[in-house]
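I opened this notebook to keep track of what I looked up, one entry at a time. The sequence and structure come first, and my entries follow.

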Amino acid sequence: MKIGIIVAMDKELEQLRQVFQGSEVIVEKCGIGKVNAALGVQRMIVEHRPDCIISSGCAGGNGDDVQVKDVVVSTELAYHDVYCGTAIDNSTQYGQVQGLPARFKAGPYLLQKSTELSAKVSPLRIHPGLIVTGDWFVDSKEKMRSIIEKFPDARAVDMESAAIAHTCFLHKVPFISFRVVSDVPLRDTDASQYHDFWAQVAAQSFQLTRTFVESL
């Protein structure tokens with residue numbers, strides 16, 4: 001199986017390339033935000049024809065049981081900053097691009113394999129659930145609250161995953177996202193945990209992705 005992994009930032013790329021050194025897994029950076037993410041995964045699909053794509057990197061977490069350095073695995077993905085209105089189609093939901101799914105589903109086989117990870121990566125904690133995406137770095141409790149009001153079941157918020165899932169959906173390429181929780185905005189002030197995260201995050205956080213890849 002040919003596997004592609006895509007990340008947003010140089011910090012993530014450096015760590016994951018070390019984790020996959022000597023491997024045939026394709027690891028590339030797309031850049032931050034939805035447009036960069038879509039262009040990056042489009043390029044990966046055209047140039048490498050992967051059998052599946054994994055988004056890896058960090059995200060803000062949500063939920064009383066979610067802690068910094070936990071990992072959220074996408075079961076579903078949606079945009080938190082898309083609204084197409086109701087003038088044409090009353091069935092279109094907030095976050096849905098009209099004519100596309102309201103939520104993009106993770107690849108069934110990939111999701112099944114992800115459920116087997118908890119026993120293999122102790123003491124890392126894994127939370128399956130919804131990841132929501134938008135072009136906004138969530139640096140305040142107020143912004144996070146406005147997102148969670150629309151998506152109370154979201155487990156993580158990032159700036160790329162749903163756009164990657166959107167592109168993979170159009171190309172019929174199975175996709176899943178693994179996001180290490182860098183901060184929990186509703187329990188933090190001024191994103192201080194995020195800025196500390198890169199100084200202290202252990203390499204084992206990204207080892208989850210390697211363990212998952214080895215299980216495929």
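**Entry 1: helix 5**

How many of the 11 residues of helix 5 are buried? Before answering, I noted that this is a predicted model, in which local features need pLDDT of at least 70 and side-chain atom pairs count only at pLDDT 80 or more, while totals for chains, interfaces and linings use all residues. I also noted that residues are numbered from 1 along each chain as its sequence is written, and that side-chain values use heavy atoms, with hydrogens and water left out.

I found that eight of the 11 residues are buried, so helix 5 is largely enclosed by the rest of the structure. Buried here means under 20% relative accessible area, exposed means over 50%, and partly exposed is in between, with a 1.4 Å probe and protein chains only. Helices (H or I, at least four residues) and strands (E, at least two) are DSSP runs, numbered from the N terminus. I listed the buried residues of helix 5 as Ser161, Ala162, Ala163, Ile164, Ala165, His166, Thr167 and Cys168. Just after helix 5, I came to lysine 172, which takes a positive phi of about 60°.

**Entry 2: helix 5 against helix 2**

I then looked at how helix 2 (residues 34-48) packs with helix 5 (residues 161-171), and I read an angle of about 35° with the axes 8 Å apart. The axes are lines fitted to C-alpha atoms, for helices over the stretch in contact, and the angles run from 0 to 180 degrees between N-to-C directions. I wrote down the crossing of helix 2 and helix 5 as right-handed; a crossing has that name if the near helix is turned clockwise from the far one by less than a right angle, and is left-handed if anticlockwise.

On the helix 2 side I found Lys34, Ala37, Ala38, Val41, Gln42 and Ile45, which meet Ala163, Ile164, Thr167, Cys168 and His171 of helix 5. Contact means heavy atoms within 4.5 Å. Sorted by class, this contact of helix 2 with helix 5 has seven nonpolar, three polar and one charged residues. In this sorting Ala, Val, Leu, Ile, Met, Phe, Trp, Tyr, Cys and Pro count as nonpolar, Asp, Glu, Lys and Arg as charged, and the others, Gly among them, as polar.

I also looked up glycine 40, which is found in helix 2 and counts as buried at 0% relative accessibility. Not counting residues up to four places away in sequence, glycine 40 touches Ile6 and Cys30.

**Entry 3: cysteines**

Which cysteine sulfur is closest to that of cysteine 168? I found it in cysteine 52, 9.2 Å away, which is too far for a bond. A disulfide is a pair of cysteine sulfur atoms within 2.5 Å, and a search of the whole structure finds zero disulfides. Cysteine 168 is buried, with a relative accessible area of 1%, whereas cysteine 84 counts as partly exposed at 37%.

**Entry 4: arginine 179**

Is arginine 179 buried or exposed? I found arginine 179 buried, with a relative accessible area of 1%, and I located it in strand 8 (residues 175-183). A polar atom of its side chain lies 3.0 Å from the backbone oxygen of cysteine 58. Leaving aside neighbours within four places in sequence, I saw that arginine 179 is in contact with several residues, including Ser55, Cys58, Asp70, Asp158 and Glu160.

**Entry 5: positive phi values**

I kept in mind that most residues other than glycine have a negative phi. Arginine 49, in the loop between helix 2 and strand 3, has a phi near 50° and is exposed, with a relative accessible area of 58%. Lysine 69, in the loop between strand 3 and strand 4, has a positive phi of about 80° and counts as partly exposed at 27% relative accessibility.

**Entry 6: isoleucine 5 and the whole chain**

Isoleucine 5 and isoleucine 53 are 48 residues apart in sequence, yet 5.7 Å apart in space, C-alpha to C-alpha.

For the chain as a whole, I recorded seven helices and eight strands, with buried residues making up 56% of the 216 residues.

Notes
A polar contact is a pair of N or O atoms within 3.5 Å; within protein, one must be able to donate a hydrogen and the other to accept it, and residues adjacent in sequence count only if both atoms are side-chain atoms.
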